[in-house]
Amino acid sequence: MILKIGFLYFAFIAWGCLVLLPFVALREIGQGFYRFFGFMCVALQTLAIGLLLMAGSDLEPAYKNAAMVLGVSLFFTLCFTVALRIRRQWFLWSCFGLAVISGLGAIVYFPWVGQAQWILLAIHALIAALVMGVVILAMMLGHWYLVTPKLSITPLKRYSNSYILLTVLTALELVLNYTRYVGWGNEPLTEAGKHLYYGEILFVLFRVAWGILPPLGMAYWIWETVRLKSTQSATGILYAAMVCTMIGEGMGLYLTLATGVPF
């Protein structure tokens with residue numbers, strides 16, 4: 001299970017960062033920011049595939065397919081990153097689109113298809129990838145204002161507001177899934193609910209205590225510091241939020257694979 005968690009974790013981060021990268025215009029921020037994240041995504045995708053290769057013949061067919069499709073995404077992500085220097089817009093954005101589409105299949109479709117609640121699992125994977133990607137981008141963009149001080153505050157507002165909305169959406173999703181599988185009353189628990197409530201309750205509490213409550217608590221201060229154009233303060237808060245989110249989503253992946261409940 002550890003190898004599967006590692007594969008999904010790194011693939012989620014890579015895709016989330018890549019798909020949300022155009023929230024800040026290339027012409028506005030320059031190639032350096034795009035190249036940094038392009039090569040970071042390539043490294044993460046390579047690491048994710050490498051983890052699955054370590055499983056050898058024991059790897060499930062669903063994850064073999066996911067690894068192959070992620071390899072396609074890796075190729076086009078590398079092409080996109082290299083094409084930043086070529087300056088052929090049609091080739092650049094064609095590679096970007098193919099990288100995003102193939103990466104989406106690798107994290108949203110192939111690992112979950114065939115499972116009982118695969119649509120819910122796919123939605124959860126999509127939200128998890130986006131929330132991790134956007135908080136990393138927001139935090140790094142805050143640092144980038146030291147390099148490009150004349151950069152508009154608008155991209156940081158987009159990333160920060162998106163992170164707040166996605167964190168709220170994550171919290172709502174967890175409440176709905178917990179209610180669906182465990183409930184709040186005296187009704188009988190499903191098998192997945194029993195596993196989640198009795199077998200993994202400490203990890204559930206850890207997931208909420210790290211990945212949900214602190215980011216929600218920091219949401220107001222993120223919004224307020226960005227509104228005041230205090231990029232250094234916003235970056236510090238976003239860094240703390242990123243740490244909490246990354247820990248929480250890692251724990252959520254463990255719970256999802258261990259119990260079958262999107263958490």
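**A helical chain, from the inside out**

Start with A129, which lies in helix α6. Is A129 buried or exposed? A129 has 0% relative accessibility, so it counts as buried. Keep in mind that this is a predicted model.

What does A129 touch, leaving out residues up to four places away in sequence? The list is F12, W15, G16 and I107. Take G16 from that list.

Now I13. I13 sits in helix α1, residues 2–20. Its relative accessible area is 6%, so I13 is buried. Beyond its neighbours up to four places away, I13 touches L44, M132, I136 and M246.

Let me step back to the whole chain. How many helices and strands does the protein chain have? Eleven helices and zero strands. Reading along the sequence, you get α-α-α-α-α-α-α-α-α-α-α.

Next, dimensions. Along the principal axes, the C-alpha atoms fill a box of roughly 60 × 45 × 25 Å. The radius of gyration is 19 Å. A compact globule of 263 residues would have one near 18 Å, so the chain agrees with that.

Contacts next. Consider those with a separation of 6 or more: 75% of them join residues 24 or more positions apart. As for burial, 53% of the 263 residues count as buried.

On to the core. The largest nonpolar core has 84 residues. Those with the most contacts inside it are F7, F12, F33, Y34, F80, I136 and L141. Which helix gives the most to this core? Helix α6, residues 118–144, with 17 residues.

Two of those names came up earlier. F12 is touched by A129, and I136 is touched by I13.

Look at Y34 too. Setting aside residues up to four places away in sequence, Y34 touches L21, P22, V24, A25, L26, I29, F80, L84 and W93. There is also a second, separate core of nine residues. Among them are Y178, V204, L255 and F263.

Where is T167? T167 is in helix α7, residues 154–181. At 5% relative accessibility, T167 counts as buried. Its contacts, again without residues up to four places away, are V131, P215 and L216.

The accessible surface comes to about 12200 Å². Carbon and sulfur atoms account for 70% of that. Then the charges: 15 positive and 9 negative. Their mean positions are 20 Å apart.

Last stop, K229. K229 is in the loop between α10 (213–227) and α11 (231–259). Its relative accessibility is 57%, so K229 counts as exposed. What stands out in the backbone of K229? A positive phi of about 60°, although K229 is not a glycine. Most residues other than glycine have a negative phi.

To recap: eleven helices, zero strands. A largest nonpolar core of 84 residues, with helix α6 giving the most to it. And K229, exposed, with its positive phi. That's my tour.

Conventions: Residues are numbered from 1 along each chain as its sequence is written. This is a predicted model: local features need pLDDT of at least 70, side-chain atom pairs count only at pLDDT 80 or more; totals for chains, interfaces and linings use all residues. Side-chain values use heavy atoms; hydrogens and water are left out. Helices (H or I, at least four residues) and strands (E, at least two) are DSSP runs, numbered from the N terminus. The radius of gyration is taken over C-alpha atoms; the globule rule is 2.2 Å times the number of residues to the power 0.38. Buried means under 20% relative accessible area, exposed over 50%, partly exposed in between (1.4 Å probe, protein chains only). Contact means heavy atoms within 4.5 Å. Accessible areas come from the Shrake-Rupley method with a 1.4 Å probe; for residues, only the protein chains shown count as cover. Lys and Arg count as positive and Asp and Glu as negative; His and the chain ends are not counted. The place of a charge is taken as NZ of Lys, CZ of Arg, CG of Asp or CD of Glu. A nonpolar core is a set of buried Ala, Val, Leu, Ile, Met, Phe, Trp, Tyr and Cys residues joined through side-chain atoms within 4.5 Å.
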